[in-house]
Amino acid sequence: MANKWFETVAVAQERAKKRLPASVYGALIAGTEKGLSSHDNLTAFDALGLAPHIANLPRTREMSTTVMGQHLSMPVIISPTGVQAVHPEGEVAVAQAAANRGIPMGLSSFASKSVEDVCAVHSSVFFQMYWSGDRDTMVQRLERAKAAGAVGIIVTLDWSFSNGRDWGSPFIPDRMSVKNMVKLAPQALSRPAWFWTFVKSGRIPDLTAPNMAKPGEKAPTFFGAYYEWMQSDLPTFDDVAWLRSQWDGPFMVKGVSRIDDARRVVDLGATALSVSNHGGNNLDGTPAPIRMLPSIVDAVGDQIEVVLDGGVRRGSDVVKAVALGAKAVMIGRAYLWGLAANGQAGVENVLDVLRSGIDATLTGIGKASIHDLNRSDVVAPADFYRTLGQG
């Protein structure tokens, strides 16, 4: 049997591309419109250098921390991602991998597995919500998440302006009807390993969002849930403050790019904020989060936990983000490539790759702990950083 272990996230992505049907792989690729933001998310990390030492290097390195009251064995959190047709076990496999490696998991309200199933295998789950439905519906979802065992809430506000892709969007059916299965059959049969994984599990991707189901009703399809979100009123900061008041535990606001918005998030009593542009799937032209991170940390970092989400593919990326002020990073596509390549073991492989990279980078720059990192460890071009919304 071929060795399923991979040494980098890039290799995991290449294996995912070979294993997944074109529509499934295409759905995972970041980007909207011209893809400016998704491209910048990755290349911005490439523009940052590191300042190494050559002697007196630490024999041991400490990388554990806490975010939203949860222990992290390294400064990495699983970012919530929507309905997956990547692997039959989906978010349950991801949750088990995260639990085994000692990091929290964000679970999307659009996930393919229920919050109950995910919390059954992991005790450190942050349930993610969009502003979708009326207030009673959102309270019901909060109560369901708490009853299931979720320890925190992530409210995502940076998904509002998604448009088409210049390179074309994949066909994603509303449900797996006979007609749609026939249409997708050539793609599935061209990827027999992916196809047989689902066959052996006894189920096919049903493309539903069980966490969006109302009490006593069946889970809506992804597009049914998406339609509810599209029809909902756009939230005000007062609305977000109200939602925060309904949850008595850790609460993160995801999607911050501007200093003025960051200050409003602090004012409403959030525990944490995520500097993010939704993986480049939102307003194209928004700078990479790593470019905006330092200005937001300078403005509010002493009042709220700041994490970064976007473009992380290596342990050195994690170190760069922490050195620039993030308490931790959130990863999305990186673990999805691992899940596609080798299920739960593939997600664990990705996390091990990141851990090894963090350790090697700390060694090279002569730091014994992630808590010793600072901006002098990072080399940035003069025009690298972006400061938005100084008011």
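Is His-278 buried or exposed? His-278 is buried, because its relative accessible area is 16% and the limit for burial is under 20%. The views below are taken from a predicted model.

**Figure 1. The loop between strand E9 and helix H12, with His-278 and Asn-282.** Strand E9 covers residues 272–276 and helix H12 covers residues 289–300, with His-278 in the loop between them. The phi of His-278 is positive, about 60°, although His-278 is not a glycine. Asn-282 is placed in the loop between E9 and H12. With a relative accessible area of 10%, Asn-282 is buried. The side chain of Asn-282 comes to 3.0 Å from the backbone oxygen of Asp-158. Asp-158 is also one of the residues that lie nearest the centre of the second largest pocket, which is the subject of the next view.

**Figure 2. The second largest pocket and its lining.** The volume of this pocket is about 650 Å³. Its lining consists of 31 residues, and those nearest the centre are Leu-157, Asp-158, Ser-160, Gly-255 and Asp-261. Two or more lining residues come from each of helix H10 (237–245), strand E8 (251–256) and helix H11 (259–267). Strand E8 contributes the most, with four residues. Sorted by class, the lining holds 16 nonpolar, 10 polar and five charged residues.

Figure 3. Helix H6 runs over residues 135–148, 14 residues in total. From first C-alpha to last, H6 reaches 20 Å, close to the 20 Å expected at 1.5 Å a residue. At the start of the helix, a side-chain oxygen of Asp-134 lies within 3.3 Å of the backbone nitrogen of Asp-136. Just after H6, Gly-149 has a positive phi of about 120°.

**Figure 4. Packing of H6 and H10.** The buried residues of H6 are Thr-137, Met-138, Val-139, Gln-140, Arg-141, Leu-142, Arg-144 and Ala-145. An α-helix has 3.6 residues a turn, so residues three or four places apart point the same way. The buried residues of H6 pack against helices H5 (115–119), H9 (222–231) and H10, and against strands E6 (125–129) and E7 (152–156). In H10, the buried residues are Asp-239, Val-240, Trp-242, Leu-243 and Arg-244. Their cover includes H6, E7 and E8. Strand E8 and helix H10 also give residues to the lining of the second largest pocket.

Figure 5. Asp-117 is a residue of helix H5 and counts as partly exposed at 42% relative accessibility. Val-121 lies in the loop between H5 and E6. At 27% relative accessibility, Val-121 is partly exposed. Leaving out residues up to four places away in sequence, Val-121 touches Val-92, Ala-95, Gln-96 and Ala-99. From Val-121 to Gly-269, 148 residues apart along the chain, the C-alpha separation is 30 Å. Ser-123 is in the loop between H5 and E6 and is exposed, at 60% relative accessibility. Residues up to four places away not being counted, Ser-123 touches Gln-70 and Val-151. Ser-123 and Lys-218, 95 residues apart in sequence, are 26 Å apart from C-alpha to C-alpha.

Figure 6. The phi of Glu-33 is near 50°, a positive value in a residue other than glycine. Glu-33 counts as partly exposed because its relative accessibility is 33%.

**Figure 7. Asn-349 in helix H14.** Helix H14 covers residues 333–364 and includes Asn-349. At 6% relative accessibility, Asn-349 is buried. Its contacts, apart from neighbours within four places in sequence, are with Lys-4, Trp-5 and Phe-6.

Key. Residues numbered from 1 in each chain as written. Predicted model: local features only at pLDDT ≥ 70, side-chain atom pairs only at ≥ 80, totals over all residues. Heavy atoms only, no water. 1 Å grid on protein atoms, 1.4 Å probe; cavity = no way out; pocket = protein on both sides within 12 Å on 5 of 7 lines; lining within 4 Å. Points joined across faces, edges and corners; volume = space filled by probe spheres on them. Nonpolar A, V, L, I, M, F, W, Y, C, P; charged D, E, K, R; others polar. Expected span 1.5 Å × (residues − 1). Buried < 20%, exposed > 50% of the residue type's maximum accessible area, 1.4 Å probe, protein only. Contact = heavy atoms within 4.5 Å. Polar contact = N/O pair within 3.5 Å; in protein donor to acceptor, adjacent residues only side chain to side chain.
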